[in-house]
Amino acid sequence: MRTLAPASAGDVCRRGAQHFLVLAVEGKRALCVPVIFNRTFIHRADVSLWDSRREKSLQLSGTTVVRCTDHRWHRNGWDSRIMQATPASMRKILASLCRDLEAQAIEAGQPGLYQSVLARGPKLGDRGRKKGGSPSD
């Protein structure tokens with residue numbers, strides 16, 4: 001049986017083949033976001049965690065990001081602790097997490113909650129969408 005060690009906030013830990021950054025610890029649970037290596041595209045909630053010098057120390061190449069939109073509570077027992085994030089990185093990650101939560105709340109709003117950006121209503125005598133023919137008719 002393997003020995004699982006608890007982590008504290010800011011630790012980058014590994015469980016199996018997955019890497020997580022621990023944001024907060026509450027009792028035997030830890031709020032974590034995944035660490036993704038070698039990303040070719042970036043999500044709006046991704047935060048770059050390390051520069052290339054530190055990535056070489058981990059024998060990694062490419063972009064290493066923390067995906068702040070995929071936060072979950074996990075059991076606070078980890079295979080190993082890789083490294084500790086700096087306080088400046090933690091501030092950036094928590095700010096990105098807050099921004100993404102606000103954006104998700106706006107996106108989940110009720111229909112009709114916000115006025116259309118087109119700022120125009122229906123035309124008088126309009127019977128809806130045209131069917132058939134050229135678009136200029």
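Biologist: How many helices and strands does the chain have?
Modeller: Heads-up: this is a predicted model, where local features need pLDDT of at least 70, side-chain atom pairs count only at pLDDT 80 or more, and totals for chains, interfaces and linings use all residues. Residues are numbered from 1 along each chain as its sequence is written, and side-chain values use heavy atoms, with hydrogens and water left out. Helices (H or I, at least four residues) and strands (E, at least two) are DSSP runs, numbered from the N terminus. Read from that end, the elements go β-β-β-β-α-β-β-β-α, and the tally is two helices and seven strands.

Biologist: What percentage of the residues in the chain is buried?
Modeller: Buried means under 20% relative accessible area, exposed means over 50%, and partly exposed is in between (1.4 Å probe, protein chains only). Of the 137 residues in the chain, the buried share is 29%.

Biologist: Among contacts between residues at least 6 apart in sequence, what percentage join residues at least 24 apart?
Modeller: A contact here means heavy atoms within 4.5 Å. Take the contacts between residues at least 6 apart in sequence, and the share joining residues at least 24 apart is 67%.

Biologist: Which residues of the largest nonpolar core touch the most other members?
Modeller: A nonpolar core is a set of buried Ala, Val, Leu, Ile, Met, Phe, Trp, Tyr and Cys residues, joined through side-chain atoms within 4.5 Å. In soluble globular proteins, nonpolar side chains tend to be buried together. The largest core here has 16 residues, and the ones touching the most other members are Val 12, Leu 21, Leu 23, Leu 49, Val 66, Cys 68 and Ile 93.

Biologist: Why is the pair of Phe 20 and Trp 78 called tilted?
Modeller: Rings of Phe, Tyr and Trp (its six-membered ring) pair if their centres lie within 6.5 Å; planes under 30 degrees apart count as stacked, over 60 as edge-to-face and the rest as tilted. By this rule there is one aromatic pair. Phe 20 and Trp 78 have ring centres 5.7 Å apart, and the pair is tilted because its planes are at 50°.

Biologist: How many residues apart in sequence are the parts that Phe 20 and Trp 78 tie together?
Modeller: Both residues are buried, Phe 20 with a relative accessible area of 8% and Trp 78 at 1%. Phe 20 sits in E2 and Trp 78 in the loop between E6 (72-75) and E7 (80-84), so the separation in sequence is 58 residues.

Biologist: How far apart in space are Gly 77 and Leu 4, C-alpha to C-alpha?
Modeller: Gly 77 is also in the loop between E6 and E7, and counts as buried at 4% relative accessible area. Leaving out residues up to four places away in sequence, Gly 77 touches Leu 4, Ala 5 and Arg 15. Gly 77 and Leu 4 are 73 residues apart in sequence, yet their C-alpha distance is 4.7 Å.

Biologist: Which side chain makes a polar contact with the side chain of Asp 46?
Modeller: Asp 46 lies in strand E4 (residues 46-48) and is buried at 11% relative accessibility. A polar contact is a pair of N or O atoms within 3.5 Å; within protein, one must be able to donate a hydrogen and the other to accept it, and residues adjacent in sequence count only if both atoms are side-chain atoms. The Asp 46 side chain reaches the backbone nitrogen of His 43 at 3.0 Å. Its side-chain partner, at 2.5 Å, is Arg 67.
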